[in-house]
Amino acid sequence: MKIILSKNSKIESVDFENLEFGKIFTDHLFICKYSNGKWNEGKIMPYDDFLISPSARVFHYGQAIFEGMKCFKSDDDELVLFRPEENFKRFNISSERMAIPKIKESIFFDGLSELLKIDRNWVKKGSGNALYVRPFVFASEPSINASEALEYIFMIICCPSKSYYADQQIKVKIEEKYSRAAKGGVGYAKAAGNYAAQFYPTYLAKKEGYQQIIWTDSNNHNYIEEAGTMNLFFRIDDKLITSPTSDSILDGITRKSIIEIAKNLNIEVEERPVSVDEIVEAQSNGSLKEIFGTGTAVVVLPIKSFGYKNKDYSLSEITNSYSNILKEKLTDIQYNKSKEYEKWKFIIA
Ligand SMILES: Cc1ncc(COP(=O)(O)O)c(C=O)c1O
């Protein structure tokens, strides 16, 4: 693989204690181009702006997908990626749905490993610190013909991050009007447009004092789907309930990890449709103990209250919350503090 190293590292100018998520990028990126029916050899180069035609199809038809994963640094200075093979699989599932050519496992992992080795000083130790890794692919072919492109660019960029919503609990709105995804649509893909479509309803919800939206099914808005970039869990009495994944819900890697960890801790987990009425009823009769979201960015995030039909419902404080227990277990694995779940760790020496 060709490697062009940056002449001036930016790292000394970065205040790692006060990072705004997603604004600062490491010194290098990985890039690989698709043309003439195949992915060419990738290369590492300095992170910088690049030229692209105004007619590149991505700007007109949104043919783009992405992934999000985190790289952690263990106390022994190892770089630890959490289940990246799951991100790779989902990357190609998303690509297929958006008619983007799939990428080879070797390109994805060689690019990823090489980039992380080169920018390893950007991964900081300590709880909450991680390097957020963003692989993405977009239609770069200059043409505004409304069909899939013949040329694409795959890239990996990385940004240092602290924990999102650090130690906060958030307030969410259960959506009754807008939809994020529909049956037969692209909700299960990490398609760029899925996120753009959330911004306006989320902006409206923010004006009402909520941080995020809980999306409901697009037919009748009766069933809970997921939140902005999180899957959702509800603890009713001592049972955890989460919606099954479907073509309108992203198959979260944190979600499936939390389900496995919870089951191994003998917590009962049910994957089944969750109705909004059931949650409101459980809140009224006191059996709703916790709501939390799971996702790469937030890890496990408690939700302290929810709004539905112009009424706000606040959950009571709880000790020994499942969200705390599960978050601690998961982060111990991610930072390689715990020797369990070895198969989930992808260690770069
Ligand atoms: C829409 C959506 N749901 C759920 C998730 C959580 O998925 P994961 O745990 O794989 O990060 C994400 C984040 O990737 C997301 O964008």
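Tutor: What follows describes the interface between the domains and then a single serine. The model is predicted, and the values below are computed from it.

The chain falls into two parts, domain 1 covering 2-162 and domain 2 covering 170-333. Taken over C-alpha atoms, their centres lie 27 Å apart. Where they meet, 17 residues of domain 1 contact 20 residues of domain 2. The size of an interface is often expressed as the accessible area lost when the parts come together. Here, domain 1 and domain 2 bury about 1600 Å² between them, and 63% of that area is on carbon and sulfur atoms. On the domain 1 side, Phe66, Arg90 and Arg97 account for 37% of the area buried against domain 2, more than any other three residues.

The rule finds one salt bridge between domain 1 and domain 2. A salt bridge joins the side chains of Lys256 and Glu86, with an N to O distance of 3.0 Å.

As for secondary structure, β5 (64-66), β6 (69-73) and α2 (84-97) each contribute at least two residues to the side of domain 1 that touches domain 2. The largest share comes from α2, with six residues. By residue class, that side of domain 1 consists of eight nonpolar, three polar and six charged residues.

The loop residue is Ser246, which sits between β14 (239-242) and α5 (253-264). Is Ser246 buried, partly exposed or exposed? Its relative accessible area is 26%; buried requires under 20% and exposed over 50%, so Ser246 counts as partly exposed.

Leaving aside residues up to four places away in sequence, Ser246 touches Lys183 and Tyr188. Gly184 is 62 residues from Ser246 in sequence, yet the two C-alpha atoms are 9.7 Å apart in space.

How values were computed. Residues numbered from 1 in each chain as written. Predicted model: local features only at pLDDT ≥ 70, side-chain atom pairs only at ≥ 80, totals over all residues. Heavy atoms only, no water. Domains from an automatic or database assignment. Contact = heavy atoms within 4.5 Å. Buried area = accessible area lost by both parts, 1.4 Å probe. Salt bridge = Lys/Arg side-chain N within 4 Å of Asp/Glu carboxyl O. Helix = DSSP H or I, 4+ residues; strand = E, 2+ residues; numbered from the N terminus. Nonpolar A, V, L, I, M, F, W, Y, C, P; charged D, E, K, R; others polar. Buried < 20%, exposed > 50% of the residue type's maximum accessible area, 1.4 Å probe, protein only.
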